[in-house]
Amino acid sequence: MNLQSLLDKLALVAFGMTQREAWSKGICIECKQPALSKCHTGIGCNEYRISAICEECFDAWRERRDPACKSVIPARSTIQ
Ligand SMILES: [Zn+2]
């Protein structure tokens, strides 16, 4: 099994679809909504190109994982 096959299997278990499927549909792998409408900065768009996760979901995940980051690192939606 190559790395991409492993990543596809993990994404299928975690999100019910692969990153390639999410990118091909233009949706976020996490919330399944159109990704461009939920990516508000260039950084957020780049994140979607890397992870298939929209900026809003990525920011929510980051804040759940480390609530202190909100006071140290501004949310992406506030960076222009
Ligand atoms: Zn999302």
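Let me start with Ala22, which touches Met17, Ile27, Ile29, Tyr48 and Ala52 once residues up to four places away in sequence are set aside, where contact means heavy atoms within 4.5 Å. What you see is a predicted model, in which local features need pLDDT of at least 70 and side-chain atom pairs count only at pLDDT 80 or more, while totals for chains, interfaces and linings use all residues. Residues are numbered from 1 along each chain as its sequence is written, and side-chain values use heavy atoms, with hydrogens and water left out.

Ala22 and Ile29 are the residues with the most contacts inside the largest nonpolar core, which has 14 residues. Such a core is a set of buried Ala, Val, Leu, Ile, Met, Phe, Trp, Tyr and Cys residues joined through side-chain atoms within 4.5 Å; buried means under 20% relative accessible area, exposed over 50%, and partly exposed in between, with a 1.4 Å probe and protein chains only.

Gln19 sits in helix H2, residues 19-25, and the side chain of Gln19 reaches the backbone oxygen of Ser51 at 3.0 Å.

Now to the metal. Which residues supply the protein donors of the zinc ion? They are Cys28, Cys31, Cys54 and Cys57, each through SG, at 2.3 to 2.4 Å from the ion, donors being N, O and S atoms within 2.8 Å of the metal (3.2 Å for Na, K and Ca), and since water is not among the atoms, sites may look incomplete. The spacing of these donor residues in sequence is C-x2-C-x22-C-x2-C. The arrangement is tetrahedral because the four donor atoms subtend angles of 102 to 120° around the zinc ion, the requirement for four donors being that all angles lie between 85 and 135 degrees. Cys28 is buried, since its relative accessible area is 0%.

Finally, the structure holds one aromatic pair. The rings of Phe58 and Trp61 have centres 5.7 Å apart and planes at 45°, so the pair is tilted; rings of Phe, Tyr and Trp (its six-membered ring) pair if their centres lie within 6.5 Å, and planes under 30 degrees apart count as stacked, over 60 as edge-to-face and the rest as tilted. Phe58 counts as buried because its relative accessibility is 16%, whereas Trp61, at 42%, is partly exposed.

Definitions and conventions. Four donors count as tetrahedral if all angles lie between 85 and 135 degrees; four count as square planar and six as octahedral if opposite donors are over 155 degrees apart and all others between 65 and 115; anything else is irregular. Helices (H or I, at least four residues) and strands (E, at least two) are DSSP runs, numbered from the N terminus. A polar contact is a pair of N or O atoms within 3.5 Å; within protein, one must be able to donate a hydrogen and the other to accept it, and residues adjacent in sequence count only if both atoms are side-chain atoms.
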